[in-house]
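Subject: The structure I promised you

Hi,

Here is the structure we talked about. Have a look at it first, then read on for what turned up.

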Amino acid sequence: MINVAYSFEEVINNPVVKKCINKFKVDHREKAGEYFYKTFIRHFNAWDSEERQEQHSLYNIKKVEWNRKENCFHVHYKKTKYFGETWYHYTNGRWY
């Protein structure tokens, strides 16, 4: 198992994540970043296999969008050697 620990700064400063977070009003960016980070870390750590952790790694994120209507992030992951492209709703520390 890979078991990589990502820091808050590393996640929030990832160019794809940062692009989405920076679209929030300045006074909401920190909260949006914490919201994303909390869910991302829980999601990444939920996978036991190296292949799944690779698929859901910070550097495999293709796109992040905030969906105001659903009050969640849409997080898109790139295709890997073992899995096709996929995406999730990130909301309240959960994903689906």
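Which residues does Ile-12 touch, not counting residues up to four places away in sequence? They are Val-17, Lys-18 and Gly-33, where touching, or contact, means heavy atoms within 4.5 Å.

Before going further, a word on where the values come from. This is a predicted model, so local features need pLDDT of at least 70 and side-chain atom pairs count only at pLDDT 80 or more, while totals for chains, interfaces and linings use all residues. Residues are numbered from 1 along each chain as its sequence is written, and side-chain values use heavy atoms, with hydrogens and water left out.

**The overall picture**

The protein has 4 helices and 4 strands. These are DSSP runs numbered from the N terminus: helices are H or I with at least four residues, strands are E with at least two.

What about the overall size? The C-alpha atoms fill a box of roughly 40 × 25 × 20 Å, taken along the principal axes. The radius of gyration is 13 Å, which agrees with a compact globule, because 96 residues packed that way would give a value near 12 Å. That radius is taken over C-alpha atoms, and the globule rule is 2.2 Å times the number of residues to the power 0.38.

Of the 96 residues, 38% are buried. Buried means under 20% relative accessible area, exposed means over 50%, and partly exposed is in between (1.4 Å probe, protein chains only). The protein exposes about 6,200 Å², and carbon and sulfur atoms supply 49% of that; the areas come from the Shrake-Rupley method with a 1.4 Å probe, and for residues only the protein chains shown count as cover.

Among contacts with a separation of 6 or more, 52% are between residues 24 or more positions apart. As for charge, there are 17 positive and 12 negative side chains, and the centres of the two sets lie 8 Å apart. Lys and Arg count as positive and Asp and Glu as negative, while His and the chain ends are not counted; the place of a charge is NZ of Lys, CZ of Arg, CG of Asp or CD of Glu.

Ile-12 counts as buried because its relative accessibility is 14%. Asn-22 is 10 residues away from Ile-12 in sequence, and their C-alpha atoms are 9.8 Å apart. Glu-30 is 18 residues from Ile-12 along the chain, with 9.4 Å between the C-alpha atoms. You'll find Glu-30 in helix α3 (residues 26-45), and Glu-30 is exposed, with a relative accessible area of 56%.

Now look at Asn-14, in the loop between α1 (8-12) and α2 (15-21). Is Asn-14 buried or exposed? Asn-14 is buried, since its relative accessible area is 6%. Its side chain reaches the backbone oxygen of Leu-58 at 3.4 Å. Leaving aside neighbours within four places in sequence, Asn-14 is in contact with Leu-58 and Tyr-59.

Val-16 is in helix α2 and is partly exposed at 24% relative accessibility. Val-16 and Leu-58 are 42 residues apart in sequence, yet 9.5 Å apart in space, C-alpha to C-alpha. With neighbours within four places set aside, Val-16 is in contact with Ile-61, Lys-62, Lys-63 and Val-64.

**Gln-55**

Gln-55 lies in helix α4 (residues 50-55). At 2% relative accessibility, Gln-55 counts as buried. A polar contact of 3.0 Å joins its side chain to that of Arg-52; such a contact is a pair of N or O atoms within 3.5 Å, and within protein one must be able to donate a hydrogen and the other to accept it, with residues adjacent in sequence counting only if both atoms are side-chain atoms.

**Two loop asparagines**

Asn-71 is in the loop between β1 (61-67) and β2 (72-77). Its phi is near 55°, a positive value in a residue other than glycine, and Asn-71 is partly exposed at 45% relative accessibility. Asn-92 is in the loop between β3 (86-91) and β4 (94-95). Phi of Asn-92 is positive too, near 50°, and Asn-92 is exposed, with a relative accessible area of 52%.

Cheers
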